[in-house]
Amino acid sequence: MVEYCDTSKIVIERAKKEIVYDMVVNKHYANAWTASSDIYAIYYKDGEHKFFNEEAHKLIGCVVYGNPVGFRVVKSICEELTDSGVLELKRLWIEDGYGKNIESYCIAQTLKMLKKDSPKTKVVVSYADRNVNHKGIIYRATNWLYQGFDIGRGDAFMYRFPNTDKWLTDRAIGDKLGTNSLHGVLKKVPDMEYKVKFRKHRYIYFLCNKKEKKRLIKTLKHPLVDYHHHDKDEMIPKVEKKYWELNGKFIE
């Protein structure tokens, strides 16, 4: 059984992209870098350095924040917020074996650091991907507020080329084929596999003071939801048919 992490051995430092880039693109499930503004590297105190008279720090993870990907995200929280007032937690990856609570600890610490490093930020938003059966347990452990998964545009599709293993998002397939509509994709690749791309769970965290937090909560466009409201709805979408028939209708 994995014990709780020894937080006295965890060091978190503001970092540049080059420090954590390979880690994100090779080990995070998204396998892609993302535009970022606040990057934190996570180190583990690993005894004495071999060559220098100092303690060795082993890079074991990172937490990456940046402007929200979707241009509607900021105003979907509340109308008075601006781009400078909202950040998104975009990437989190930490090696296994350093304690079962290490992710929630590192998120909590970097949020504290953001108050100093990004003083204009009032709200941080993050998502838990239902497509890989994530619920956002680490956000619950660090007191984020939950808004469900009924926010934003309707469900889209994910695609997988024949005889390959990797699923591509609608955005990625659009870059490759010039279209991401189901009709357009199947017209170009008739035996493409596809499945529903579920909307993600959305969590928000307030960095502003308690008085402003209370006021902003009253102006939220989408209500707060109990963490367990959708727990029974969790599922990984199934692969749909490979041929050109949807809901009994033939696509021309």
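Which side chain is joined to that of Thr 142 by a polar contact of 3.1 Å? The partner is the side chain of Trp 144, where a polar contact is a pair of N or O atoms within 3.5 Å and, within protein, one atom must be able to donate a hydrogen and the other to accept it, residues adjacent in sequence counting only if both atoms are side-chain atoms.

## Basis of the model

This is a predicted model, in which local features need pLDDT of at least 70 and side-chain atom pairs count only at pLDDT 80 or more, while totals for chains, interfaces and linings use all residues. Residues are numbered from 1 along each chain as its sequence is written, and side-chain values use heavy atoms, with hydrogens and water left out.

## Overall architecture

The protein chain contains seven helices and eleven strands, these being DSSP runs numbered from the N terminus (H or I over at least four residues for helices, E over at least two for strands). Of the 252 residues in the chain, 44% are buried, with buried meaning under 20% relative accessible area, exposed over 50%, and partly exposed in between (1.4 Å probe, protein chains only).

The chain exposes about 14,900 Å², of which carbon and sulfur atoms supply 50%; accessible areas come from the Shrake-Rupley method with a 1.4 Å probe, and for residues only the protein chains shown count as cover. Among contacts (heavy atoms within 4.5 Å) between residues at least 6 apart in sequence, 73% join residues at least 24 apart.

Thr 142 is placed in the loop between α4 (137-141) and β6 (145-146), and it counts as buried because its relative accessibility is 10%. Besides the polar contact with Trp 144, the side chain of Thr 142 reaches the backbone oxygen of Ile 138 at 2.9 Å. When neighbours within four places in sequence are left aside, Thr 142 is in contact with Ser 104, Ile 107, Ala 108 and Tyr 205.

Ala 32 also belongs to a loop, in this case between α1 (17-27) and β2 (38-48), but with 29% relative accessibility Ala 32 counts as partly exposed. Not counting residues up to four places away in sequence, Ala 32 touches Val 24, Val 25 and Arg 91. The C-alpha atoms of Ala 32 and Asp 22, which are ten residues apart along the chain, are separated by 9.5 Å.

## Salt bridges

Side chains of opposite charge can pair when their charged atoms come close. A search of the whole structure finds eight salt bridges, each being a side-chain nitrogen of Lys or Arg within 4 Å of a carboxyl oxygen of Asp or Glu. One of them is formed by Arg 14 and Asp 117, whose closest N and O atoms are 3.5 Å apart. Because Arg 14 lies in strand β1 (residues 10-14) and Asp 117 in helix α3 (residues 102-117), this pair ties together parts that are 103 residues apart in sequence. Arg 14 is partly exposed at 42% relative accessibility, and Asp 117 is partly exposed with a relative accessible area of 30%.

Another salt bridge brings together the side chains of Glu 80 and Arg 215 at 2.8 Å, N to O. Glu 80 lies in the loop between α2 (73-77) and β4 and Arg 215 in helix α7 (residues 210-218), so this pair ties together parts that are 135 residues apart in sequence. Glu 80 is partly exposed, with a relative accessible area of 39%, and Arg 215 counts as partly exposed at 36%. A network of salt bridges links Glu 80, Lys 122, Glu 212 and Arg 215.
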